[in-house]
Structures are given as structure tokens and as C-alpha cells.
Protein chains: 2
Amino acid sequence: MRKALIGLTVAAAMLAGAANAQDRKVTIGVSIPAADHGWTAGVVFHAQRVAKALMARHPGLNVIVKTSPDAATQANALEDLATQGIGALVILPSDPDPLVNAIKRVKGKGVFVTLVDRAPSNNDNSVRDLYVAGNNPALGATAGEYIKSRTPDAMVAVIRGLPIPIDQQRQDGFDKAIAGSNVKVLGKQFGNWNRDDAFKVMQDYLTKFPKIDVVWCQDDDMAVGVLQAIAQAKRSDIQYVVAGAGSKDMVKKVLDGDKLIPVDVLYPPAMVGTALELTVASLYDQVPVRGSYILDATLITKENAKEFYFPDSPF
Amino acid sequence: MRKALIGLTVAAAMLAGAANAQDRKVTIGVSIPAADHGWTAGVVFHAQRVAKALMARHPGLNVIVKTSPDAATQANALEDLATQGIGALVILPSDPDPLVNAIKRVKGKGVFVTLVDRAPSNNDNSVRDLYVAGNNPALGATAGEYIKSRTPDAMVAVIRGLPIPIDQQRQDGFDKAIAGSNVKVLGKQFGNWNRDDAFKVMQDYLTKFPKIDVVWCQDDDMAVGVLQAIAQAKRSDIQYVVAGAGSKDMVKKVLDGDKLIPVDVLYPPAMVGTALELTVASLYDQVPVRGSYILDATLITKENAKEFYFPDSPF
């Protein structure tokens, strides 16, 4: 009975024309990881920011943002949201595979499901209606292309993330981009997408290699550690560092013309906002949104950095 | 100077927070083909429908929808729109390759470009910022999967479109889906995505084959011709027809439980609305939208058909 009722709510919401769409009452649940590091702190910020903007624009819309520290807690959060009678769910899973069944239970109730960033092994429309994600191979490729084109003979120290598929995709994209060029990779140690670990890896590189032209470290959090290590060692051979994400601090450095951070590569926590916008558009304006949406790993430069700068964000 | 000014307008629009976003003044140009057949008539309808809904919600937003009968006229329309100082362009090209240079000229002025459906040979971010499209291989696959699962031993008469890549992608998707099954293809003639041509091909099939279980004809316009031919021949062996697009008439038949049209496969002209929503979200809410968005070829059934039904649309 509940199932039928919720299904009807969504169908009714989708049926009505745009004319009196403003008055329609729909609740959307947004389930995201707790702010356990920089990027997820950004996810929380943008989920709340875009929810606020959309609620201001749609008086009948209610968006509930719930954060959960781990997969088990997030599964419970999904149950809670479903009980509250949501018409749609936007979820960025802390760990996708263990959450598949919980997500499917919500979807089985007729709830529209938008999955963000982290895909389960079987990422098809039995799990979600819409998938919005960043582009990991392109994140590596954009960095590789930039380095190759700006410093064709660069000797590059690479700091990888954790040995999981995302890291491999980024590394493969990078390797492909520099293949056949004169760019040389000095080393490829894992920094675990962690500031302190990246600091230690960079210290090690600085001891090992008397001359480093460029550092590629995939990630803005790791870049903080890398910059600290370079500053402490007072080394002036390093021309620049390429990181990735689009954090407030790195984008500010790009904006300010910092020579060590001339660019950044976008893998934006704000994608949760994009996912929420599409979910709302589907419910209020009856536009088709089911599908797969892969965001570009845009090169952030001094010229376009303002577009990606959020001074009020924690990240 | 113009370039710098327009660039600044967009950057400024993207910079301001969501708080006073409603007041921001931006003009978006929407350039689409004239309504030369059913699907493009749907594109015009949905572009105007969604533009109206978005302008009602964003008092500072002005959307100019321009239709053009051919590529040369559309290139001029792009010039006109650029002269009017647009902040973003949403374009569904009548023919993409001949329009690449005209699109690049607009993009070169700092205008955000969203490309819909028809991609040029070189569809990268030198041509557009965002790409929104339907899924041609999946359109064939969804039809094939449905036929295979509902009528595992069906003898299927196939009517193709025009001998261009889109048709081949659809056919390949279909062939892959039925591969290894007992579904048999009786014939594969071209109906040119045209109602009258499909009528003739179907007449020919009805003469040639004493028993046809299912017709797969890719396209709702062609389905109209197919249904006419079947009705005229008074043949009762055909169990059902699977078409594609999501036209008002076919979706209504699905809704009404018409036995000959039990399902349809989505390739929605409303995707121009999705593209416009994302473009507006980027300008007003500073969410990342650059990327590639491929919509699902959703199976439209009696259960979900309401969501895809637009009684006021010409298509």
C-alpha cells in the first residue's frame, strides 16, 4: 500500500504541467558521507547550498540532507528517508557495493534514485535511474596533457592515491597522455589521498632526487602536504605541482597566480548539486533525466578559476 | 572588447552566490531545427515549454528560441544570437559537421555551449562545453530485449531508418540483444524514418511473409505507417509493434493498453529541455555541468507512460 502510494505521488508530481509546478509538494532525500575529509566536506557544503537555492525557487520542495559516517549507518539513513515518504533519493554512497541492497529497497518503493560519483560493480538501472560522476581517467589525462604541453622534457614525481581502481584509472589516463613524449616519471609512490602521507612521500622524493621539475599528485589534499615538504626543504628546482579536485585553497592559488599551483584539475564535490538540480528538474519540469552523466575533468586556469571558486566552502 | 565583455558577464553570473540569483540578467539562445517532422516538432514544443517554466522561476532570465530550416540558416541564426550578447547557447544542429565552425565562433566569444543530440565527427570540448544526447545503441537493445523476453520465438520484420551511422548503431544494439536467442529476423528494409515509406515497406512485408509475429521499426513516425498497412491488410497474426521516440500518439496507445503498441522506447525530443535546465543551473547555481550526458533508452510501459505523456505537444 505504501509502495503504491509513493509511486502515485511521484507519478502525479511528474504528470502536472509546469504552470503550477511551484506549488507541488515533494520531498527529496540526499544521503551523503559525513565530512570525514576535505572532499566530502565539500559534498556536504554543496548539497546544503544547492538544496537551499532550489527550495527557495520551489516553495513545495523539501530537501532533507543526511550525512552518515559509514555504509552501515548510511543504510539505516536510507530506511529512515524512505519511511518519511521521499519522492526521490540523491545518494553519494560511502561505499557503494555494501549499499546496493539498501538502495534497491528504496528504488523498489517507486522512489527515483540518483547515484553520485561512486558506482557499485553492477551500475545499471536496476540500482539507479540517473548516474552523475566525475571522470577519473580524464583527471589523469588532463594533468598529463598540461605537463606535456608546458614542460615537454619534465622529470615528474608522481604521488598516487590508494591502490584501488579509481587510482589506477587516473594513473592510466596520465600514462596514456604522456606516452611517446619526453616527459619522464621519476617515481610513483602511494600517498593514500592523505595530506600527511603525501608530505612523507614528498620528503622522500626530495631526498632521493636532486632535480624534480614537476609533481603530479592527483589530489588537492595531497598537494597541501607536497607544498609543505617543498617549502621546508627550500627547494627551488620544482617548477609547479598539478593536483586535482578543485578545492577552495588550490583554486584560490590559481586565481592569485601562485607559480607553484598554476592550474588545478576539476573533480568537483559540487557534482552532488548537479545531481540534485537534475532530480528536481525531472520532478518539476517533466524533463528526461534517466541516464549516465560523466562530468569533464576541466583544467582550471587563472582565466576560468572564478567559476569554480567557493569562498564560503570548507573545501 | 565584445569578447572580453561577454566573458565577464558569464563569469560574473557564475560568481555570484545563489542568494540573489533570481535577479541576475542572462540571455540564453536556443537554436534548433524547424519542425520539419514529428520529432523536431517535439523539440520546438519542449524548448518553448521548458524555457517558459525556467523564465517564470528566474526573473532575470531571457531565453530566445530560434528555429532554422537548414544548416546554412542555422549558422546565420547563431551569428544573430551571438550579436544579441547571449551568455549561453543551447544548440541542436540540423546537421552538425557543417555547423562546427559557426558553433566554435560563438564559443570563442566566451559563450557556454550546450550541444544536443547530433554530434559532429570531432565532438570534444573545443566545440562544446556540455553534450546531452539520446542513446542509439540502447534504443535498439531495449527493443531487442523486450521482444526476446516477451516472445522468445518471434519472427520479426525490421524496418530500418536511413543508411547513416545512427541507424547502424540502433540495428547493432538490436542484433546484439537478440544474438543467441530464437528470435528470427524476416527482413530489414529501409523506411527512411518516414511514415509513407514505412507504410510501403510494411505492405511489401505483408505480401511476402504469411506470418509475422512482431514488427520493430525504431521510430514512432514509421509506426504510424506500419499500423496503417496492418489495418488495411486486416492481418491478425502480428502480435505487436515496437517503435521508438516517445511521441504523444504512441505513448497514449501504451497508456490506453493498445495491444499492438504495448511499449515504446524513449528517445525524447524533451532532451532539449534537459539541456536547457542544466545550462540554467550552471549559470544560476554555479554547479559543474561540463561533460557528456547520455540519456537512457527507457522502456515506456503502461506503468510509467504518464511520465512521458505530453497531451499538448504536437508530437
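Helices (H or I, at least four residues) and strands (E, at least two) are DSSP runs, numbered from the N terminus. Keep that in mind, and let's start.

This is a predicted model, so local features need pLDDT of at least 70, side-chain atom pairs count only at pLDDT 80 or more, and totals for chains, interfaces and linings use all residues. Residues are numbered from 1 along each chain as its sequence is written, chains are lettered from A and ligands numbered from 1 in the order in which they are written, and side-chain values use heavy atoms, with hydrogens and water left out.

First stop: Gln286(B). Gln286(B) sits in the loop between α10 and β11 of chain B. Its phi is near 50°, a positive value in a residue other than glycine. Most residues other than glycine have a negative phi. Is Gln286(B) buried or exposed? Gln286(B) is buried, with a relative accessible area of 7%. Buried means under 20% relative accessible area, exposed over 50%, and partly exposed in between, with a 1.4 Å probe and protein chains only.

Asp117(A) has a positive phi of about 70°, although it is not a glycine. Look for Asp117(A) in the loop between β4 (112-116) and β5 (130-133) of chain A. Asp117(A) is buried as well, at 11% relative accessible area.

Now the interface. 43 residues of chain B are in contact with 43 residues of chain A. Contact means heavy atoms within 4.5 Å. How much area do chain B and chain A bury between them? About 3,400 Å², with 53% of it on carbon and sulfur atoms. Buried area is the accessible area (1.4 Å probe) that two parts lose on being put together, summed over both. Arg57(B), Pro288(B) and Arg290(B) supply 20% of the area that chain B buries against chain A, more than any other three residues.

Arg290(B) also forms a salt bridge with Glu307(A), and the closest N and O atoms are 2.6 Å apart. A salt bridge is a side-chain nitrogen of Lys or Arg within 4 Å of a carboxyl oxygen of Asp or Glu. Chain B and chain A have four salt bridges between them. Which elements give two or more residues to chain B's side? They are α1 (2-15), α2 (38-57), α10 (271-285) and β11 (291-295) of chain B. The largest share, eight residues, comes from α10(B).

On chain A, turn to Arg57(A). Arg57(A) lies in helix α2 (residues 38-57) of chain A. Arg57(A) is buried, with a relative accessible area of 6%.

Next, the core. The largest nonpolar core has 108 residues. Such a core is a set of buried Ala, Val, Leu, Ile, Met, Phe, Trp, Tyr and Cys residues joined through side-chain atoms within 4.5 Å. Among those with the most contacts inside it are Ile28(B) and Leu276(B). Leaving aside neighbours within four places in sequence, Ile28(B) is in contact with residues including Leu276(B), Val280(B) and Asn62(B).

Asn62(B) is our last stop. Asn62(B) lies in strand β2 (residues 61-68) of chain B. Not counting residues up to four places away in sequence, Asn62(B) touches Val26(B), Thr27(B), Ile28(B) and Met55(B). At 35% relative accessibility, Asn62(B) counts as partly exposed. How far apart are the C-alpha atoms of Asn62(B) and Asp213(B)? They are separated by 51 Å, and the two residues are 151 residues apart along the chain.
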